[in-house]
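Open the model in your viewer and keep the sequence panel beside it. Each stop below says what to select and what is there.

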Amino acid sequence: MLDSDELAVNRALWTIVNEQFTDARARQAWAAEDFAWGLFGNSERRLRVLGDVAGLDVVELGCGTAYVSAWLARLGARPVGVDLTPAQLDTARRCQQEFGLSFPLVEANAEDVPLPDGSFDLAVSEYGACVWCDPERWIPEAARLLRPGGRLVFLTNSVQAMLCVPEDGGHAGERLLRPQKGTFRLQWPGGGFEFHPSHGEWIRILRASGFAVEGLHELYATDDAETHEYYDIATAEWAGKWPVEDLWTARLTANRPSACEEGTPSFRAVVNPRRACQGPLLSS
């Protein structure tokens with residue numbers, strides 16, 4: 001779990017990123033007719049991982065400027081955006097006013113969300129909680145927030161990309177630059193605290209929190225993709241050869257672990273009696 005100092009580092013980093021890039025890009029992202037996943041615009045219309053969201057209660061964990069929530073709201077979902085960084089949420093509120101879309105925004109760490117148990121049908125994270133929060137904490141928290149049978153969909157960096165990105169920054173190369181062991185938790189020089197579990201670790205954590213994995217989509221750059229203007233994880237050429245992102249889908253089973261179940265590494269956060277009787281702390 002991230003401590004207060006580490007959370008402050010991540011919040012400060014994303015305040016800078018918002019100033020340099022995400023605030024200016026927010027309007028374009030909100031205006032997009034079709035949502036596209038990740039760095040190279042893999043269309044949800046083609047991937048169809050979210051399914052029909054009309055009428056669903058959705059929580060976006062690490063929503064940033066909340067363009068994913070905006071797209072879901074247009075399709076008839078009832079989203080709630082959760083993010084740690086006030087600057088990102090301020091941008092989201094400005095876009096809400098500009099586009100005439102209103103949904104709650106919550107300033108919170110996705111490892112500890114001030115919303116009641118069993119409030120949502122779908123939890124989504126696109127480069128949000130799944131990179132910047134401890135999966136041993138935010139995955140059980142997502143399970144707590146979901147109703148039985150609810151789904152979790154999240155997009156994160158691929159294992160291959162993380163092993164090939166230079167330590168001092170820049171695009172992934174064609175050689176392994178670090179051992180896979182030890183990448184669960186990373187801090188790049190001058191960067192924030194990130195989490196990059198292996199596929200096996202993701203499956204272990206998901207199962208421990210009561211999720212059944214439905215799919216893992218390894219995303220490549222589309223044929224017409226161009227290298228991203230700001231995020232220097234991988235070039236379009238590299239991402240055309242190796243998967244640059246992992247898109248996971250999982251469903252919360254009816255027999256999820258309880259707070260009394262022993263031997264479950266992440267059981268502590270699955271059920272939280274304090275939050276079960278706590279009303280939502282929302283702003284819109």
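**Stop 1: α6 against α8**

Select α6 and α8: they pack at an angle of about 40°, with their axes 9 Å apart. The two helices are therefore oblique to each other. Look along the contact and you will see that α6 passes α8 in a right-handed crossing. Now show side chains. From α6, the contact takes P135, E136, W138 and I139; from α8, it takes W202, R204, I205 and L206. By class, the residues of this α6 and α8 contact are six nonpolar, no polar and two charged.

One thing to keep in mind while you look: this is a predicted model.

**Stop 2: the R204 and E136 pair**

Stay here and select R204 and E136. They form a salt bridge, with 2.9 Å between the closest N and O atoms. R204 belongs to helix α8 (residues 199-208) and E136 to helix α6 (residues 135-145), so this pair ties together parts 68 residues apart in sequence.

**Stop 3: the whole protein**

Zoom out and colour by secondary structure. The protein has 10 helices and 11 strands. Of its 284 residues, 53% count as buried. Consider the contacts with a separation of 6 or more: residues 24 or more positions apart account for 74% of them.

**Stop 4: α1 beside α3**

Select α1 and helix α3 (residues 67-74). They pack at an angle of about 20°, and their axes are 9 Å apart. That angle is under 35 degrees, so α1 counts as roughly parallel to α3. The crossing of α1 past α3 is right-handed. For the residues, pick R25, A29, W30 and A31 in α1, which meet Y67, A70 and R74 in α3. This α1 and α3 contact divides into five nonpolar, no polar and two charged residues.

**Stop 5: salt bridges**

How many salt bridges are there in this model? The count comes to 14. Side chains of opposite charge can pair when their charged atoms come close.

Select R27 and E98. Their side chains meet in a salt bridge, at 2.3 Å from N to O. R27 is in helix α1 (residues 4-31) and E98 is in helix α4 (residues 86-99), so the pair links distant parts of the chain, 71 residues apart. R27 is partly exposed, at 48% relative accessibility. E98 is partly exposed too, with a relative accessible area of 41%.

Next, select D121 and R147. This salt bridge has its closest N and O atoms 2.9 Å apart. Here the partners sit in strands: D121 in strand β6 (residues 120-126) and R147 in strand β7 (residues 146-157). The pair links distant parts of the chain, 26 residues apart. D121 is partly exposed, at 22% relative accessibility. R147 is partly exposed as well, with a relative accessible area of 28%.

Salt bridges that share partners join D57, R78, D121 and R147 into one network.

**Stop 6: M162**

Select M162, in helix α7 (residues 159-164). Is M162 buried or exposed? Its relative accessibility is 5%, so it counts as buried. Leave aside residues up to four places away in sequence, and M162 touches N157, R178, W188, H196 and I233. Now draw a distance to V244. M162 and V244 are 82 residues apart in sequence, yet 8.8 Å apart in space, C-alpha to C-alpha.

**Stop 7: T85**

Last, select T85. Where does T85 lie? It lies in the loop between β4 (78-83) and α4. Its relative accessibility is 3%, so T85 counts as buried.

- α6 with α8, for the oblique pair.
- α1 with α3, for the roughly parallel pair.
- D57, R78, D121 and R147, for the salt-bridge network.
- M162 with N157, R178, W188, H196 and I233, for the contacts of M162 beyond four places in sequence.

Conventions: Residues are numbered from 1 along each chain as its sequence is written. This is a predicted model: local features need pLDDT of at least 70, side-chain atom pairs count only at pLDDT 80 or more; totals for chains, interfaces and linings use all residues. Side-chain values use heavy atoms; hydrogens and water are left out. A salt bridge is a side-chain nitrogen of Lys or Arg within 4 Å of a carboxyl oxygen of Asp or Glu. Helices (H or I, at least four residues) and strands (E, at least two) are DSSP runs, numbered from the N terminus. Buried means under 20% relative accessible area, exposed over 50%, partly exposed in between (1.4 Å probe, protein chains only). Axes are lines fitted to C-alpha atoms, for helices over the stretch in contact, and angles run from 0 to 180 degrees between N-to-C directions. Angles under 35 degrees count as roughly parallel, over 145 as roughly antiparallel, 65 to 115 as roughly perpendicular and the rest as oblique. A crossing is left-handed if the near helix is turned anticlockwise from the far one by less than a right angle, and right-handed if clockwise. Contact means heavy atoms within 4.5 Å. Ala, Val, Leu, Ile, Met, Phe, Trp, Tyr, Cys and Pro count as nonpolar, Asp, Glu, Lys and Arg as charged, and the others, Gly among them, as polar.
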